[in-house]
Structures are given as structure tokens and as C-alpha cells.
Amino acid sequence: MRVRTRAVATGFVVLVLIAAIGMIVVLRQAGEGLRLPLAGRACTVQADGEVTLDSQQMANAATIAAIGVQREMPERAVVVALATAYQESGLRNLTGGDRDSVGLFQQRPSQGWGTPAQIRDPRYAAGKFYAALKKVRGWEDMRVTDAAQKVQRSAFPEAYEKWADESQVLTRALLGHATTAVTCTVGGDPVLRGAAAIAALTEGLALDWGLVAASSGEDRPTGTGYFSSAVDSYGNPTLLKVGIDGLSTSPEGVRAGWRYAHWLVSHAKQNGVKRVAFDGREWTAKRGDWKRLAESERGDTEVLAEVHEDV
């Protein structure tokens, strides 16, 4: 009896081990399919494909795209940059990594990318990536993974390619080629309100896009983006307008408007944005999607953002 009991117990342990190994294999395979954690995904991007991200990832992706536009890099460069950040950090601004790697692109201070504090600035990190990519001869004709590898010199040179499709979807949306393409649901108390929210948004627009504050009587070159803040009917500093001089109703102007509209939605959670309106459509944080406005509700040709008022 004792021998039989031991045999049964041994067999049971073996079965448990086999089941555990099987579970690990399944989870690894599932992880490859899921790629990024599903928990907390609040934003969906739809532009000839679909990508879902959390608010932090969405904001970082929007900044990477904006810096590419500000540096006058072609659309392909934005795809490469986003695929690189996807692979290196999961579009998160990491405080550490392999050896002394830091930030969205896991750039290393010891290799001349900058100080840790500089590299932790998403705008600085994206700018350094684009500058390095621009120096790669023939990068425009390379596969995404090959162009990224020329900059990153990773031990896994093929890894960037698996993010090419997602990065193309994000790029189309964030560069304004698709309308109402970025939707985010923002719940809970806003991080910023009123004047503080407006100040954070205007600083972000200036740093990410190079936009300038509008001033009465100022002559700006055609195509220059600008922003202006205003108060609501109760005198609260809650309104922000973003426009493009001389291009408001042209196809180029509409695309630029959607760039800014999608950027505002992408940064809504961190900056207390509760409403964005443009081109006869309106997004609200509470509802989380875009709807078409009635003719009587449509405003001017600028992008309008409204933040939560001070309590």
C-alpha cells in the first residue's frame, strides 16, 4: 500500500509539473500575441487598423509624432521612431533599463545620447532619435527594422519590425490623415484644472509643435500654427484655441487641425482636457468618443479645447 501511495503521489507531481510547463508555454505564446499589457487601456486609435494604448503611452506617441513634424521629418521617420519606442520601452518613459539605458528609446548616457535627465525628457529623446536617423544614408528605403537598427544597434535587430503595422496606424492618425481617429476615455478627478491646465497645454503645444501664442496685430507667416486662451462665459480660464494662419479651410489646414485635435485628446488625462471640437465634430472625456455636431453648434475653423474649471 505504501509503495502504491508513493507511486500515485509521484505521478500526481509529474502531472502538475507538466501542466505548469504547458501553462507557461501558452502564456508566452499569448504574450507574443498581446504584445502590450491590456490593463488600463483607455485610448483607441483607428486609421486603416486599430491600436489600443493607455493614456501614458498615447501621450508619448503623440509627442514623438509632433516632434517629427516640427523637425520636418517625413512620415516614414515617424513610423520608424514609434516602432523603435514601442520595442524599447513599450512607449513608456522608463527610469532605467539595460545597463544605463533610459527613457522612451532606451538611449544610453555612456554612448553620448545626453544626461539621464535629458534623455528622460520625451521631446529631447525623440529629437535625438530623429537627428541620428537623418544621418543614416538611405534610411528612407529601408525596412522599418533596418532603419531603427542603424540608430539603436540592438542585440535583436529584427525586433522593431513587429511594431511596424501599429506604428503606421498611429502615424496616420497623429499626422492628421484620418479624422476622429484618436478616442480616449478619461475618468476620475482631473490632474490639472483651469489656469494650470491651460498653462500646461500651451507649454506642450509650444514644445511639441513649435506653436506660438497669438497676439493682436501680429503678422505670422502663412501656415504658422498658433494658440490663444480665453475665458468662458463665467470668466473662468478654461478655453484654448489652436489655429493655422491662412490655411484654415484648405485640405492642408484641415489635416493640421486634426493633428492638434488628436494631440489634445492624447494629452487629455494629464492636462485636464474635458472637450475638444474641430471640423464639426466633438470629443468629450466623459463620453470618450467623437460625435458630429449640429449645424447650429459648429464654431469657427480653429481647434477648440476646454479644460475643467477650478473648483
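Does Ser55 count as buried or exposed, and what is its relative accessibility? Select Ser55 to begin: at 15% relative accessibility this residue counts as buried, where buried means under 20% relative accessible area, exposed means over 50% and partly exposed lies in between, using a 1.4 Å probe and protein chains only. The model on screen is predicted, so that local features need pLDDT of at least 70 and side-chain atom pairs count only at pLDDT 80 or more, while totals for chains, interfaces and linings use all residues. Residues are numbered from 1 along each chain as its sequence is written, and side-chain values use heavy atoms, with hydrogens and water left out.

**Around Ser55**

Ser55 is found in helix H2 (residues 55-70); helices (H or I, at least four residues) and strands (E, at least two) are DSSP runs, numbered from the N terminus. Leaving aside neighbours within four places in sequence, Ser55 is in contact (heavy atoms within 4.5 Å) with Cys43, Ser266, Lys269 and Gln270.

Follow Cys43 next, which stands opposite Leu53 in E2. Strand E1 (residues 43-46) and E2 pair in the antiparallel sense over 4 bridges, two strands being paired if DSSP finds at least two bridges between them. Widening the selection shows 3 strands in an open sheet, ordered E2-E1-E3, with antiparallel pairing. Strand E2 (50-53) and strand E3 (182-184) stand at the edges with a single partner strand each, so one side of each is left without a neighbour in the sheet. The twist averages 15° from one strand to the next.

H7 lies across E1, E2 and E3 and runs at about 90° to E2; axes are lines fitted to C-alpha atoms, for helices over the stretch in contact, and angles run from 0 to 180 degrees between N-to-C directions. Just after H7, Gly176 takes a positive phi of about 85°.

Select Ile64 and Leu170, the residues with the most contacts inside the largest nonpolar core, which has 80 residues. Such a core is a set of buried Ala, Val, Leu, Ile, Met, Phe, Trp, Tyr and Cys residues joined through side-chain atoms within 4.5 Å. The largest share of this core, 9 residues, comes from helix H3 (residues 75-89). Not counting residues up to four places away in sequence, Ile64 touches several residues, including Ala81, Leu82, Ala85 and Tyr130.

**The seven-stranded sheet**

Finally, display the open sheet of 7 strands, whose order is E4-E5-E6-E10-E7-E8-E9 with mixed pairing. E4 and strand E9 (290-292) stand at the edges with a single partner strand each, so one side of each is left without a neighbour in the sheet. Helix H8 (residues 194-209) packs on the sheet, touching E5, E6, strand E7 (273-278) and strand E10 (303-307), and its direction makes about 20° with that of E6. Within the sheet, strand E4 (residues 212-213) and strand E5 (residues 225-230) pair in the parallel sense over 2 bridges, whereas 6 bridges join E5 to strand E6 (residues 239-244), which run antiparallel.
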